[in-house]
Amino acid sequence: MTLTTSHRATAAAAAPVLPSSGALRPLGIEEVAITGGFWGARQRVNRRATLAHIGTWLEREGWLRNFALAVAGGLPEGRRGREFSDSEVYKYLEALAWEIGRAPDDELERAFRDVVSVVGAAQEPDGYLNTRFGRPGQGPRWSDLEWGHELYCLGHLFQAAVARARTKPGADDGLLEIATRAADLVCEVFGEDGIPSMCGHAEIETGLVELGRVTGEPRYIAQAKLFVDRHGTGVLADIEFGRSYFQDDIPIREADVLRGHAVRANYLSSGALDVAVETADGELSSALVRQWDNTVARRTYITGGQGAHHQDEAFGADFELPPDRAYSETCAGIASVQFSWRLLLERGEAKYADLIERTLYNVVATSPSSAGTAFYYANTLHQRTPGEIADPDAPSARAESSLRAPWFEVSCCPPNVARTLASLAAYVATVDEEGLQIHQYAPATISTTVAGHDVALHVETDYPAAGDIRVTVDAAADAEWALSLRVPSWAVGAALEVRSADGGVQTLAAEPGYATVRRAFSAGDVVTLRLPVAPRLTRPDARIDAIRGAVAVERGPEVLALESVDLPEGIGVDVVAIDPDAPLREEDGRVVARLAIRRPVDVPWPFGDPEVADDEQIVDVPLIPYHEWAERGPSTMRIWIPERRAGA
């Protein structure tokens with residue numbers, strides 16, 4: 001089904017995105033709490049380890065100290081980090097705000113206030129705030145809009161302030177005031193009569209709209225619209241990658257697909273949709289839907305990752321999805337989730353939640369190590385050589401996938417992951433005028449108002465290890481409402497069981513989309529969605545040249561990978577083929593595939609009739625969820641495995 005009932009938001013939930021209208025209203029982290037399971041474990045690691053890790057590195061690398069140096073007159077000589085390093089401090093603040101909102105903590109609160117104090121002291125009287133520009137010896141303000149990231153940094157500042165305002169309204173730390181002073185300056189400098197340009201890295205558009213939603217200040221949304229409308233008009237200087245890198249080549253309303261730098265493209269699309277919703281711009285919204293559809297169909301990896309080019313961190317052409325050269329930046333995955341979530345809220349269609357799930361499990365969950373203190377910047381789908389262990393005491397200079405690194409010279413991904421995991425409960429469920437919808441599955445409690453009635457329920461599940469999602473109604477008024485559970489597109493054969501508190505049982509087929517139960521629920525009623533999470537082979541579109549003749553293995557929402565540590569000693573992942581006729585089986589919690597190992601013969605010229613050794617070794621090998629790869633040390637890895645040809 002498609003949920004299309006319009007609504008006007010009536011309450012300020014503690015959520016990253018709060019559109020004033022749309023098909024669905026998001027539930028905030030005060031209404032939804034993840035209590036365990038796959039995502040609960042990751043939230044615990046994020047809170048206990050990742051946040052402290054980020055704070056330590058921000059201090060260690062001097063990125064936080066830049067603000068104190070700005071006050072003391074120590075810039076530019078003492079400044080450390082790239083031109084956008086201020087933004088990592090702001091993302092860290094946002095992550096702290098969501099964590100404090102989930103569960104108040106004195107230590108986290110002190111850390112938050114200390115950082116805000118340092119940042120606020122560096123703000124200039126007119127609201128300007130940046131440690132890279134504007135002081136003696138530095139470039140003038142707004143002098144490098146292509147690469148300077150001044151507005152990008154402010155966008156992240158605004159989102160941090162929004163997180164704080166929604167999780168702790170009326171807090172006296174001053175962050176919201178810092179943000180509004182900076183936003184007022186942006187409106188003055190870049191308004192209708194100001195600089196007719198924009199930032200080379202989209203982000204401020206989303207920050208301005210959410211700040212406008214929090215404060216009720218329409219100027220911020222109007223300024224976001226100006227920035228959106230300037231894209232595609234050639235206001236930025238051309239570069240070697242072309243203006244598409246900045247999304248300054250084609251007006252948004254005319255584009256058919258996302259292009260250029262993948263993070264920028266998704267951040268811009270998120271902000272543009274925010275503008276479309278707040279200004280009732282149906283033409284803009286439709287253009288973004290078209291671009292999302294075409295990007296998913298032609299330019300998205302099986303993991304949900306986006307971005308095939310390393311040199312410009314950009315989308316490739318249609319069906320240009322090489323696994324061994326996949327860039328698939330973690331931040332692009334997070335930005336894709338943000339774009340899809342906004343479309344879900346506006347349109348209510350399950351396909352957006354499907355992509356969110358795929359990207360969360362196979363990009364966002366892949367980046368951080370199980371300890372939460374090392375990260376992937378890029379997420380390759382095929383590692384040909386074993387990785388090198390990163391120096392734990394030095395930032396990595398390279399973003400290419402090898403092994404996770406504790407920090408990067410461009411370290412946007414760690415705090416981006418942290419803020420996403422901290423706010424993840426806000427992506428679980430929504431309501432509309434008819435009822436409540438659950439889009440992502442985790443053990444959770446949900447307490448909200450549905451159709452004017454208080455409702456409470458809890459979710460029990462071992463998803464994705466198991467496919468049963470059990471929803472128990474704990475409290476509900478004696479009134480009819482609808483409970484909708486998402487059935488992923490891969491879950492053909494799903495079923496829905498409705499067990500009444502009085503013992504009655506009803507079983508229904510559940511087609512991909514949303515399975516809905518409409519009734520006057522009573523406390524003790526249980527709705528169980530049974531999803532078939534058996535492993536399955538997936539074949540690519542024939543137009544993806546790089547993986548023609550190969551298959552991937554998926555189980556539920558997880559993409560699986562073959563890792564060399566599971567092969568016989570001395571064998572790499574590039575000399576194997578999968579037997580597509582041998583059934584996949586599950587053993588000791590792992591999916592096992594039958595593979596053929598054929599050792600090729602070295603020849604002086606690698607073209608012509610290939611010579612292959614006569615011996616063929618057949619082995620049964622466990623596959624791992626992609627997000628677990630490289631947890632056991634250096635290895636080679638691949639997701640797409642060539643099919644073994646009959647008689648070959």
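Across which strands does helix H12 lie, and at about what angle to S11 does helix H12 run? In this predicted model, in which local features need pLDDT of at least 70 and side-chain atom pairs count only at pLDDT 80 or more, totals for chains, interfaces and linings use all residues. Residues are numbered from 1 along each chain as its sequence is written, and side-chain values use heavy atoms, with hydrogens and water left out. Helix H12 (residues 350–364) lies across S11 and S14, and runs at about 50° to S11. Here helices (H or I, at least four residues) and strands (E, at least two) are DSSP runs, numbered from the N terminus, while axes are lines fitted to C-alpha atoms, for helices over the stretch in contact, with angles that run from 0 to 180 degrees between N-to-C directions.

The strands S11 and S14 belong to an open sheet of five strands with mixed pairing, whose order is S3-S6-S7-S11-S14. At the edges of this sheet are strand S3 (25–26) and strand S14 (513–520), each of which pairs on one side only; two strands pair if DSSP finds at least two bridges between them. Strand S11 (residues 480–487) is joined to S14 by eight bridges in the antiparallel sense, and within this pairing Leu485 has Ala515 of S14 as its bridge partner. Helix H11 (residues 330–347) also packs on the sheet, where it touches S3, strand S6 (429–431) and S14, and its direction makes about 25° with that of S6.

A further open sheet has seven strands in the order S4-S8-S9-S10-S15-S12-S13, with antiparallel pairing. Because strand S4 (32–34) and S13 stand at the edges with a single partner strand each, one side of each is left without a neighbour in the sheet. From one strand to the next, the twist averages 20°.

Leaving aside neighbours within four places in sequence, Val473 is in contact (heavy atoms within 4.5 Å) with Ala456, Leu457, Phe521, Ser522, Ala523, Gly524 and Asp525. Val473 and Val455, 18 residues apart in sequence, are 7.9 Å apart in space, C-alpha to C-alpha.

Among the helices, helix H5 (residues 150–167) and helix H6 (residues 175–190) pack at an angle of about 140°, with their axes 9 Å apart. H5 and H6 are therefore oblique to each other, given that angles under 35 degrees count as roughly parallel, over 145 as roughly antiparallel, 65 to 115 as roughly perpendicular and the rest as oblique. The residues that make the contact include Leu151, Phe158 and Arg164 of H5, together with Leu175, Val186 and Phe190 of H6.
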